[in-house]
Amino acid sequence: MWRRRKSISDAAWAAALDAVPMLAPLADAERAQLRELSACFIASKSIEPVRGQRLDTADLVMLAAQACLPVLALGLEAYASWQSVVVYPGGFVAREREVDEAGVEHEWDEARAGESWPQGPVILSWEDVLASGQGEGYNVVVHEMAHKLDMLDGEANGRPPLHRDMDAEIWRRDFSAAFADLKRRIDAGEAPAIDDYATTDPSEFFAVTSEYFFDAPGVLANEYPAVYTRLCEFYRQRPRPRFERLKAVHR
């Protein structure tokens with residue numbers, strides 16, 4: 001049961017829609033549902049600005065709306081295992097550790113725009129939040145929420161817990177083929193429309209393609225139509241027709 005929440009004002013909601021073009025194609029009923037989910041998200045999560053960052057009501061709504069879009073058809077229960085969002089003013093440095101094949105542990109610092117841990121907080125750069133959702137396939141909020149969904153079964157491996165009517169083997173086949181193809185094309189010197197960060201590992205491939213799915217669905221559908229279809233099945237949404245309807249209206 002989500003905590004009692006205050007409704008989002010018309011002014012704050014309008015500001016969020018204006019700031020995030022990714023939300024513009026939503027139908028009226030979808031917007032109303034997203035607005036309700038966003039109010040619940042703000043009430044149920046601890047959103048913690050740090051390092052001098054300040055967030056006003058409109059900022060919180062804009063962040064929550066992007067965070068809730070991936071679970072528009074899944075429900076906020078999908079985010080129930082974690083409680084807080086930490087917001088830095090800009091990129092932050094994370095300490096990385098890796099043990100190589102010889103058993104030697106290596107440590108290094110790595111700049112990040114976002115980060116998430118199983119049952120831990122989501123960490124975001126506000127600078128990157130502001131750059132998200134502009135229709136270019138970049139959305140750090142969606143990216144980290146995709147990781148959270150991926151980790152619902154305990155491991156970030158590029159395959160979140162699938163619905164009963166989804167075939168795990170088909171998911172593995174389509175995502176593995178696209179992941180391998182993207183790596184091949186980049187290694188060959190091509191410049192695919194999908195960001196090469198997706199080739200880091202299967203979990204990043206899922207997160208990056210989720211960004212494109214919501215922010216630039218036509219790009220993903222053109223590059224990897226099977227992946228687009230699998231994400232339609234998982235998120236229970238079809239964003240490409242939304243964007244096509246919006247384009248038709250503005251012609």
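A: The largest nonpolar core has 67 residues, and those touching the most other members are Leu 23, Leu 34, Phe 41, Leu 63, Leu 220, Leu 231 and Tyr 235. A nonpolar core here is a set of buried Ala, Val, Leu, Ile, Met, Phe, Trp, Tyr and Cys residues joined through side-chain atoms within 4.5 Å. Buried means under 20% relative accessible area, exposed means over 50%, and partly exposed lies in between (1.4 Å probe, protein chains only). In soluble globular proteins, nonpolar side chains tend to be buried together.

The model is a predicted one, so local features need pLDDT of at least 70 and side-chain atom pairs count only at pLDDT 80 or more, while totals for chains, interfaces and linings use all residues. Residues are numbered from 1 along each chain as its sequence is written, and side-chain values use heavy atoms, with hydrogens and water left out.

Apart from neighbours within four places in sequence, Tyr 235 is in contact (heavy atoms within 4.5 Å) with Pro 70, Ala 73, Leu 74, Ala 146, Leu 149, Phe 206, Ser 210, Phe 213 and Phe 214. Across the chain, 64% of the contacts with a separation of 6 or more are between residues 24 or more positions apart. Of the 251 residues in the chain, 48% are buried.

The chain has 10 helices and 6 strands, which are DSSP runs numbered from the N terminus: H or I of at least four residues for helices, E of at least two for strands. Helix α5 (residues 140-150) is largely enclosed by the rest of the structure, because 11 of its 11 residues are buried.

Glu 144 lies in helix α5 and is buried, with a relative accessible area of 4%. Not counting residues up to four places away in sequence, Glu 144 touches Gly 114, Glu 115, Ser 116, Val 122, Ile 123 and Leu 124. Glu 144 and Glu 115 are 29 residues apart in sequence, with a C-alpha to C-alpha distance of 6.4 Å. Glu 211 sits in helix α7 and is also buried, at a relative accessible area of 5%. With the same exclusion, Glu 211 touches Gly 137, Tyr 138, Asn 139, Val 140, Val 142, His 143 and Ala 216.

On a 1 Å grid over the protein atoms alone, a cavity is a set of points where a 1.4 Å probe fits but cannot get out, a pocket is an open set with protein on both sides within 12 Å along at least five of seven lines, and lining residues have an atom within 4 Å of a point. Grid points are joined across faces, edges and corners, and a volume is the space filled by probe spheres set on the points. The count is 1 cavity of 30 Å³ or more, and the volume of the largest cavity is about 30 Å³. Met 22, Pro 25, Leu 26, Leu 69, Phe 214, Pro 239, Arg 242 and Phe 243 form its lining, which divides into 7 nonpolar, no polar and 1 charged. Helix α10 (residues 239-249) gives the largest share, 3 residues.

Helix α10 also gives the largest share of the lining of the second largest pocket, 5 residues. That pocket holds about 260 Å³ of space. Among its 16 lining residues, Ala 216, Pro 217, Gly 218, Phe 243 and Lys 247 are the closest to its centre. The lining divides into 8 nonpolar, 4 polar and 4 charged. Lys 247 belongs to helix α10 and counts as exposed, at 56% relative accessibility. Lys 247 and Pro 25 are 222 residues apart in sequence and 8.9 Å apart in space, C-alpha to C-alpha.

Definitions and conventions:
Ala, Val, Leu, Ile, Met, Phe, Trp, Tyr, Cys and Pro count as nonpolar, Asp, Glu, Lys and Arg as charged, and the others, Gly among them, as polar.
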